[in-house]
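Colleague: I would like to learn how to read the features of a model such as this one, going from the whole chain down to a single residue. Could we look at it together?

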Amino acid sequence: MSSPRSESNKEQSAAVAAFYSSIGQALADDANYPAAIRQHLDEEKAILSRHLAAGKYSVVVEVGCMDGRLHMAQVLRFPLRYVGIDLVAESVRKLNLCLSERRVPASRAVGLAMDACQLAKLDCLRDESSALVIFPFNSFGNMAEPSKVIAAAARLTVELLIFTYRTDEASNELRASYYRDSGMTNLECITNRSEVRFSSSNGLVSHAYTPRWFETEFARFGYRCAMDEFGRLGLVVHAVLARKIDD
Ligand SMILES: C[S@@+](CC[C@H](N)C(=O)[O-])C[C@H]1O[C@@H](n2cnc3c(N)ncnc32)[C@H](O)[C@@H]1O
């Protein structure tokens, strides 16, 4: 029997999926992106390329991959396996259609409709110490229960690369203009010691956590975080299990 807590996670994830399969699609439409967001995504690609070029990894899992538009093509330029996961089944169906049109075999790349909390169930990540799990374009900040996602990753031996936003005023302004241009209504921005949380009356909930939050929350699960700012509002967090660093 599932616990009330897992039921509430399912409900929250269902709400996120309902948002991103409808109104939230506008957040993935580059016609709505202010210049700073375009630059942010270009820099995300460049940072990811540098990580992949080091040749350490054999599989990349992209969490919140949508229809593969963010990083799939770039990952496949490297001799790596790609697995894209997203809550929205329709986005994943489009990703798989694109792969079959390009005749990419499922053994090389595949999309799966699933919740990031279930990461530990991915066969490609079991016994995989050369896997990188990436969270593009603040998908991490959309997770209903981020700690569950970190706990699932920590049960494996995977490294995480999280692309998110900084939490200063100037970054918040740029986020607000991106959300407004994407049709998010009655935007609310709440700041506390751990995060900046944007929400809208038509369903957006997007968190950006502070460096201190990343450090302490990930440490609870045995991860150490290296962080770098990029572009006008970006923060990239590379989380590696301390036991791997110390090996
Ligand atoms: C790439 S993020 C975009 C966030 C937006 N750019 C922002 O600033 O907040 C959105 C994607 O993450 C996916 N997503 C959210 N929570 C998820 C979860 N728990 N597991 C898998 N995918 C998730 C959504 O379905 C959506 O397709």
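Colleague: Among contacts in the protein chain between residues at least 6 apart in sequence, what percentage join residues at least 24 apart?

Modeller: Bear in mind that this is a predicted model. Of the contacts in the protein chain between residues at least 6 apart in sequence, 65% join residues at least 24 apart, and the chain that makes them has 8 helices and 10 strands.

Colleague: How does the radius of gyration of the protein chain relate to that of a compact globule?

Modeller: Because a compact globule of 247 residues would have a radius of gyration near 18 Å, the 17 Å of the protein chain agrees with that expectation. Of the 247 residues, 40% count as buried.

Colleague: Which residues are the closest to the ligand?

Modeller: The ligand is surrounded by 23 residues, of which Y20, G64, A116, S139 and S206 are the closest. By class, this shell has 13 nonpolar, 8 polar and 2 charged residues; α1 gives the most to it, with 4 residues, while α1 (4-20) and β2 (81-86) each supply at least two.

Terms used: Residues are numbered from 1 along each chain as its sequence is written. This is a predicted model: local features need pLDDT of at least 70, side-chain atom pairs count only at pLDDT 80 or more; totals for chains, interfaces and linings use all residues. The radius of gyration is taken over C-alpha atoms; the globule rule is 2.2 Å times the number of residues to the power 0.38. A residue is buried if 20 or more other C-beta atoms lie within 10 Å of its own, exposed if 12 or fewer, and partly exposed in between; C-beta atoms are placed from the backbone. Two residues are in contact if their C-beta atoms, placed from the backbone, lie within 7 Å. A residue is near a molecule or strand if its C-beta atom, placed from the backbone, lies within 6 Å of it. Ala, Val, Leu, Ile, Met, Phe, Trp, Tyr, Cys and Pro count as nonpolar, Asp, Glu, Lys and Arg as charged, and the others, Gly among them, as polar.
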